Amino acid sequence: MNTIRSLMNIHGNRVAHIDDERELGNSIIVTLHAGYYFKDELGCGVRGFDTLKELKEGIKSAKIVFDPKFYKESQKVAA
């Protein structure tokens, strides 16, 4: 849990939430802030990772992009 807290401190400008559901048999679920998406799947701001190693690699800044167009659209939906 301390590792996840540390990752939130480092990547908090892009990552809105990390939920470790491995004890339930699920993944570590990452939710990005509005407008941020995983580079390999534009429009996808939520992803599961099976291990901390995958999580650390998956949330590196080079793998997450900000798209102002999608940010504006997400704000319309939220309103």
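1. Once neighbours within four places in sequence are left aside, Ile 18 is in contact (heavy atoms within 4.5 Å) with Ile 4, Leu 7, Met 8, Ile 28, Ile 29, Val 30 and Leu 55. The model is a predicted one, in which local features need pLDDT of at least 70 and side-chain atom pairs count only at pLDDT 80 or more, while totals for chains, interfaces and linings use all residues. Residues are numbered from 1 along each chain as its sequence is written, and side-chain values use heavy atoms, with hydrogens and water left out.

2. Ile 18 also belongs to the largest nonpolar core, which has 13 residues, and is listed with Val 30, Phe 38, Leu 55 and Ile 59 as touching the most other members. Such a core is a set of buried Ala, Val, Leu, Ile, Met, Phe, Trp, Tyr and Cys residues joined through side-chain atoms within 4.5 Å; buried means under 20% relative accessible area, exposed over 50% and partly exposed in between, with a 1.4 Å probe and protein chains only. Two or more residues each come from helix H1 (2-11), strand E1 (15-20) and strand E2 (28-32), and E2 gives the most, with three residues. Helices (H or I, at least four residues) and strands (E, at least two) are DSSP runs numbered from the N terminus.

3. In H1, the buried residues are Ile 4, Leu 7 and His 11. They cover an arc of only 55° around the axis, taken from the directions from the helix axis to the C-beta atoms, and therefore lie on the same side of H1. Asn 2 and Asn 9 are exposed on the other side of H1, whereas the buried residues of H1 pack against E1, E2 and helix H2 (52-58).

4. The whole structure contains two aromatic pairs, and one of them, Tyr 36 with Phe 66, is tilted, at 5.0 Å centre to centre and 55° between the planes. Because Tyr 36 lies in strand E3 (residues 36-38) and Phe 66 in strand E5 (residues 64-66), this pair ties together parts that are 30 residues apart in sequence. Rings of Phe, Tyr and Trp (its six-membered ring) pair if their centres lie within 6.5 Å, with planes under 30 degrees apart counted as stacked, over 60 as edge-to-face and the rest as tilted. Phe 66 is partly exposed, at 41% relative accessibility.

5. Asp 67 is found in the loop between E5 and helix H3 (68-78), and its 17% relative accessibility makes it count as buried. Leaving aside neighbours within four places in sequence, Asp 67 is in contact with Gly 35 and Leu 42.
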